[in-house]
Amino acid sequence: MKVLVFGLGVHGGGYAAARYYLAHGDEVRITDLKGTDALKDSLTPLVERGATCITGEHRKEDFLWADIVVKNPSIPLTNPYLAYAKKVVSDFSVLLSSPYIRKTHFIAITGTKGKTTSAYATAHVLEKLGHTVRLCGNMGISCYTVLEEWEQGEPVPEYLVAEMSSWQIRDASYALGGKFPTESIAVITNFYPDHQNSYASLDDYLKDKLKLFGRWTKSAIVPDFLVGQIRKQTHLGRRQVWGIDRTTKRSRKQIQYENAYAILIALGCKPKAVFQALSSFQGVPHRHEIVTVRGNLIIVNDSAATIPEAVAFTCSLFETLPIHLITGGTDKKVGADAMEAVFHQVRSVTLLDGSFTRLYLLPMLKRLQIPFHGPYKTMHAAWRHAKMQADAYMAVHPGVRNVLLLSPGAASFEYFVNEFDRGDQFRSLAISDNAETPQE
């Protein structure tokens, strides 16, 4: 085939697609608006294997040339170049249309936040209980990688646990003609305003997530306000649609892993065995990740908190402790209302620079008359100033446990490669803490 990879991306999905088709002897072109230098590390091995790369522009002729176009999820289906494509696919549509998918129990997890943790926690427990599991999806494991493993003879596991973003659901639904293969369980962990820089409305964002549910869904786990809609859409009975009530007080572990617990109980696992297995789950990097504990200072990396509600949630997990917060970044057009309660809760605020910080956080902090430090354009500077605030507070309050928390509530792209790069820089500084005095 003639295959065009439309957007190489920075998370490895485009790379995995190109590698997959090259291994099958297909002719591969890659088109990306980023320059060659920015993509060099990914492009070089693909070029060496025979791929043709077009960077800095997109060309109509490449779309007319291709038998299939593998679209990056961040590119909307309304992109004018797609009008020239004979067929548009995604990594999920290719995997889910393969015969292998009929040999495994497919668990699909979406939601604004909590997708990755729920997926990893579910897989952890299933493995602890003696089952075989494979993860894939939005956490950075391409479906092409999974498909390649199975084609090369790796046994198809009992369970495939997939984390799916709204964009991935949209693209898969489009390529599959609006119908997914049989899902053992489909899950929406929660729903908050997000990606309003990419969607025309909040309703459009929700509609893409709801495309995951249909007559092919055997069981569903969703926020309470969606139970009626999901029952109507899937024709499932009361006992097949689980509502997650998020209004009552819970322990930290119950809040973090309640979706995974519901999934596992719906699969028929025994509650006691699930709780025992969850007790050994260490969490996922960049999500409430306790990097280290230095005396009375707990250092937490929550860089994957890219909306204000996620910051509020993480702060609620440490509500009994003084919090020194590093926050701010790039605007996603979701507003900042949830940050007001956060700023009243925390002991000190250090700002990372970015459009979200300047549009929302600076005016809010000034209106509330809450002192802050920054905004800083580097993690190095933000870390050192936040650490100084924590040290000063602990000197006045000896013996009191404190939390130094990175929880941005915003995207990262103005000053970092992505949220994982942001979290990795924070973790490195937290572990070494040997940086010199920061440059402003």
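Biologist: Where does K332 lie?

Modeller: In this predicted model, K332 lies in the loop between β14 (323–327) and α13 (337–345).

Biologist: Why is K332 called buried?

Modeller: The relative accessible area of K332 is 7%, and buried means under 20%, so K332 is counted as buried.

Biologist: What makes the link between the side chains of K332 and T306 a polar contact?

Modeller: The side chains of K332 and T306 are joined at 3.2 Å, and the cut-off for a pair of N or O atoms is within 3.5 Å, so the pair qualifies as a polar contact. Not counting residues up to four places away in sequence, K332 touches D194, H195, Q196, N197, T306, I307 and A411.

Biologist: How do you know that K387 is buried, and which residues does K387 touch?

Modeller: K387, which lies in helix α15 (residues 379–396), has a relative accessible area of 11%; since buried means under 20%, K387 is classed as buried. Leaving aside residues up to four places away in sequence, K387 touches L297, L404 and D433.

Biologist: Why is helix α5 described as largely enclosed by the rest of the structure?

Modeller: Eleven of the 14 residues of α5 are buried, so the helix is largely enclosed. Among the buried residues of α5 are K115, T116, T117, S118 and A119, and also H124, V125 and L126.

Biologist: How do you know that the span of α5 is close to the expected one?

Modeller: Helix α5 (residues 115–128) reaches 20 Å from its first C-alpha to its last, and 20 Å is also what is expected for its 14 residues at 1.5 Å a residue. Just after α5, G130 takes a positive phi of about 95 degrees.

Biologist: Which peptide bond is cis?

Modeller: The bond from G374 to P375 is cis, with omega near 10 degrees, and P375 is found in strand β16 (residues 373–376).

Biologist: What makes β3 and β5 edge strands of the open sheet of five strands?

Modeller: The order of that sheet is β3-β2-β1-β4-β5, with parallel pairing. β3 (52–55) and β5 (88–89) each have a single partner strand, so one side of each is left without a neighbour in the sheet.

Biologist: How do you know that β1 and β2 pair?

Modeller: Pairing requires at least two bridges, and strand β1 (residues 2–6) and strand β2 (residues 27–32) pair in the parallel sense over five bridges. V5 stands opposite I30 in β2.

Biologist: Why are β7 and β11 placed at the edges of the open sheet of six strands?

Modeller: The six strands follow the order β7-β8-β6-β9-β10-β11, with parallel pairing. β7 (133–137) and β11 (241–244) each have a single partner strand, so one side of each is left without a neighbour. From one strand to the next, the twist averages 15 degrees.

Biologist: What joins β9 to β10?

Modeller: Two bridges join strand β9 (residues 185–188) to strand β10 (residues 220–223), which run parallel, and this meets the requirement of at least two bridges. The bridge partner of A186 in β10 is A220.

Key. Residues numbered from 1 in each chain as written. Predicted model: local features only at pLDDT ≥ 70, side-chain atom pairs only at ≥ 80, totals over all residues. Heavy atoms only, no water. Helix = DSSP H or I, 4+ residues; strand = E, 2+ residues; numbered from the N terminus. Buried < 20%, exposed > 50% of the residue type's maximum accessible area, 1.4 Å probe, protein only. Contact = heavy atoms within 4.5 Å. Expected span 1.5 Å × (residues − 1). Polar contact = N/O pair within 3.5 Å; in protein donor to acceptor, adjacent residues only side chain to side chain. Axes fitted to C-alpha atoms, helices over the stretch in contact; angles between N-to-C directions.
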